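The report below concerns a single predicted model.

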Amino acid sequence: MIQIVSQQTKSEEVLFYKEEDERLKELSEGVLKVFKGSYLQTIFIVDQNAMKLLVGMGVPDQDKLHVKELCAKAVKELKAKEIQEFSMDIEPIIKEHGVEAIRDIVEGAVLGTYEQRNFEEKKEEKKEFSIELYGISEEQKMEAKRYLTETLAVVEGVCFARDMVNLPGNKLRPKDFAKEIVEFVKDTAIKTEMIEADKLKEMGMQALFGVGDSSDYPPCLMVLRYYGDPSSDKVTGLIGKGVTCDTGGYCLKPAASMLGIKGDMAGGAAVSGAIYALAKNQIKTNAVAVIPMCENRISSGSLLPGDVIGSYAGKTIEIGDTDAEGRLILADAVSYAVRNEKVTELLDIATLTGAVVAMLGFSIAGAICDNDLFFNKFHHAYEISGERYWRLPFYEEHKKMIESKIADVRNMSNNGCGTITAGLFIRAFAEEKPWLHLDIAGTAWVDSPIFEFQSVGATGAGVTSIYQLCCEGE
Ligand code: BES
Ligand code: ZN
Ligand code: ZN
């Protein structure tokens with residue numbers, strides 16, 4: 001529980017200090033010898049039988065990501081000492097970043113304590129934290145409380161996305177994923193529909209069915225509808241890749257890279273988390289999430305390199321590589337969203353290419369967009385969320401790279417540019433709607449956390465930025 005209060009009531013507390021902070025002088029000489037307020041420096045002191053945690057903010061700067069890190073760091077330190085109830089004087093943060101920083105404070109504090117679901121026989125009960133934030137002026141309190149409530153819902157979405165991505169493949173088959181989502185959004189205004197394998201086949205979803213039929217655990221298509229603004233025709237389609245296990249199929253992945261195969265539904269998890277937060281916060285907007293779910297395995301029903309399949313849109317696809325399955329299932333999901341859900345703009349998000357990891361690493365995701373206005377909105381959104389994206393270019397020559405001699409399009413480039421061409425493959429199904437593509441193959445998962453608010457495993461990438469994008473007006 002996190003609350004905003006007028007003054008400190010808990011005996012344990014967190015205090016933030018900038019480098020060369022005037023308030024540092026109030027500390028004892030002994031403490032000052034080691035604690036300089038440098039960024040993320042921490043020290044516990046005992047003051048009248050209560051523990052105080054001092055956290056260094058470093059030199060002033062404008063990167064709000066730092067606020068998230070500071071709060072995550074503080075909470076982790078307290079957790080390590082098994083202190084679950086404490087106050088936090090956030091005045092120095094609000095002074096520097098304004099009352100909006102409540103978002104980052106809350107996100108950091110919650111994510112700092114995130115723990116994976118645990119399958120041990122004797123699992124420990126999760127400990128509840130009780131955190132009081134103080135140091136906000138009376139005039140700003142109302143606004144601060146609004147940010148608090150809003151952010152708590154968003155962070156719930158982030159934690160849900162992390163939970164899903166962290167689940168082992170054998171605990172999350174395509175239909176389990178669908179059921180988890182239905183359960184997660186059940187108390188919101190979101191209407192859910194799960195289209196099962198037989199129906200997918202009947203509808204002609206040859207791309208989704210083509211990949212998903214490789215497994216005994218059948219594919220499905222999850223649709224989540226949130227109409228928070230019935231007076232508007234605008235509907236944002238949020239399409240998220242939901243491959244619950246990606247072995248590569250006949251183009252089998254090497255053993256070493258198989259460990260990551262369970263996280264291949266991070267895009268689907270991200271759109272679920274985001275639409276949940278939209279509904280929970282009753283945001284005035286319309287969004288429909290479409291999540292194609294399946295496994296990519298080896299069986300007699302699996303696709304083979306060189307195969308030609310159809311798709312929901314009617315286009316034929318030549319299979320260059322069975323490991324490029326994400327774009328296939330997303331193609332059908334995108335067509336479904338355009339044709340059946342009347343979406344007016346499209347965002348797709350996926351752990352799509354190894355190439356984006358090689359290019360941008362684990363802290364920056366790739367973005368491709370064919371509409372500057374749409375991208376500017378997204379840019380503004382991820383400035384608020386603090387996530388990092390980098391827009392990649394595309395030209396006619398890139399479209400040529402996925403041309404096929406025997407089909408309308410090919411699922412692999414014949415000339416490099418793996419991230420751009422993967423995106424353009426999906427765009428070929430967007431039917432001219434403004435389209436934004438996010439490749440989170442690098443950012444959805446961290447083996448060695450980069451930021452304090454991350455822990456080993458899933459990051460929940462995309463949830464906050466998609467949420468903010470949908471909050472933006474016309
Ligand atoms: N899910 C993978 C992409 C991926 C790679 C995610 C690394 C997370 C970490 C995707 O389905 C895939 O295998 N893509 C291939 C495409 C290629 C065969 C054209 C890739 O990037 O190697
Ligand atoms: Zn793959
Ligand atoms: Zn994949």
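The arrangement around the zinc ion (ligand 3) is octahedral, because its six donor atoms subtend angles of 77 to 175 degrees. Six donors count as octahedral if opposite donors are over 155 degrees apart and all others between 65 and 115; four count as square planar on those limits, or as tetrahedral if all angles lie between 85 and 135 degrees, and anything else is irregular. Donors are N, O and S atoms within 2.8 Å of the metal (3.2 Å for Na, K and Ca), and since water is not among the atoms, sites may look incomplete. This is a predicted model, in which local features need pLDDT of at least 70 and side-chain atom pairs count only at pLDDT 80 or more, while totals for chains, interfaces and linings use all residues. Residues are numbered from 1 along each chain as its sequence is written, chains are lettered from A and ligands numbered from 1 in the order in which they are written, and side-chain values use heavy atoms, with hydrogens and water left out.

The site of the zinc ion (ligand 2) is irregular, with angles of 70 to 167 degrees among its six donor atoms. The two sites are set out below.

| Metal | Coordinating residues (atoms) | Distances | Spacing in sequence |
|---|---|---|---|
| Zinc ion (ligand 3) | Lys241 (NZ), Asp246 (OD), Asp264 (OD), Glu325 (OE) | 2.0 to 2.4 Å | K-x4-D-x17-D-x60-E |
| Zinc ion (ligand 2) | Asp246 (OD), Asp323 (O), Asp323 (OD), Glu325 (OE) | 2.0 to 2.2 Å | D-x76-D-x1-E |

The zinc ion (ligand 2) and the zinc ion (ligand 3) lie 3.2 Å apart, and Asp246 coordinates both. The pair links distant parts of the chain: Asp246 belongs to strand E10 (residues 242-246), whereas Glu325 is in the loop between strand E13 (317-318) and helix H10 (326-340), 79 residues away. Helices (H or I, at least four residues) and strands (E, at least two) are DSSP runs numbered from the N terminus.

Buried means under 20% relative accessible area, exposed over 50%, and partly exposed in between (1.4 Å probe, protein chains only).

Strand E13 also takes part in an open sheet of three strands, ordered E12-E13-E17, with mixed pairing. Strand E12 (308-309) and strand E17 (409-410) stand at its edges with a single partner strand each, so one side of each is left without a neighbour in the sheet. Two strands pair if DSSP finds at least two bridges between them. E13 and E17 pair in the parallel sense over two bridges, and Glu318 stands opposite Arg410 in E17.

Strand E15 (residues 365-369) is largely enclosed by the rest of the structure, because five of its five residues are buried. In a regular strand the side chains alternate between the two faces of the sheet. Both faces of E15 are covered: Ala365, Ala367 and Cys369 are buried on one side, and Gly366 and Ile368 on the other.

E15 runs parallel to strand E16 (residues 389-391), to which three bridges join it, and antiparallel to strand E18 (residues 435-439), to which four bridges join it. Gly366 has Trp390 as its bridge partner in E16 and stands opposite Asp439 in E18. Together with helix H12 (residues 372-385), E15 and E16 make a right-handed β-α-β unit. A crossover is right-handed if, with the strands pointing away from the viewer, the path from the first strand over the helix to the second runs clockwise.

Aromatic contacts come next. Phe375, Phe378, Tyr382 and Tyr389 form one aromatic cluster, and Arg391 lies over the face of Phe375, 4.7 Å from the ring centre. Elsewhere, the charged end of Arg162 sits over the ring of Tyr114, at 5.0 Å from its centre. A charge sits over a ring if NZ of Lys or CZ of Arg is within 6 Å of the ring centre and within 35 degrees of the ring normal.

A search of the whole structure finds 11 aromatic pairs. One of them joins Phe425 and Phe429, whose ring centres are 5.5 Å apart and whose planes meet at 40 degrees, so the pair is tilted. Rings of Phe, Tyr and Trp (its six-membered ring) pair if their centres lie within 6.5 Å; planes under 30 degrees apart count as stacked, over 60 as edge-to-face and the rest as tilted. Phe425 and Phe429 are both buried.

Gln48, in contrast, is exposed, with a relative accessible area of 75%. Gln48 is found in the loop between strand E3 (42-47) and strand E4 (50-58). Gln48 and Ser11 are 37 residues apart in sequence and 9.3 Å apart in space, C-alpha to C-alpha.
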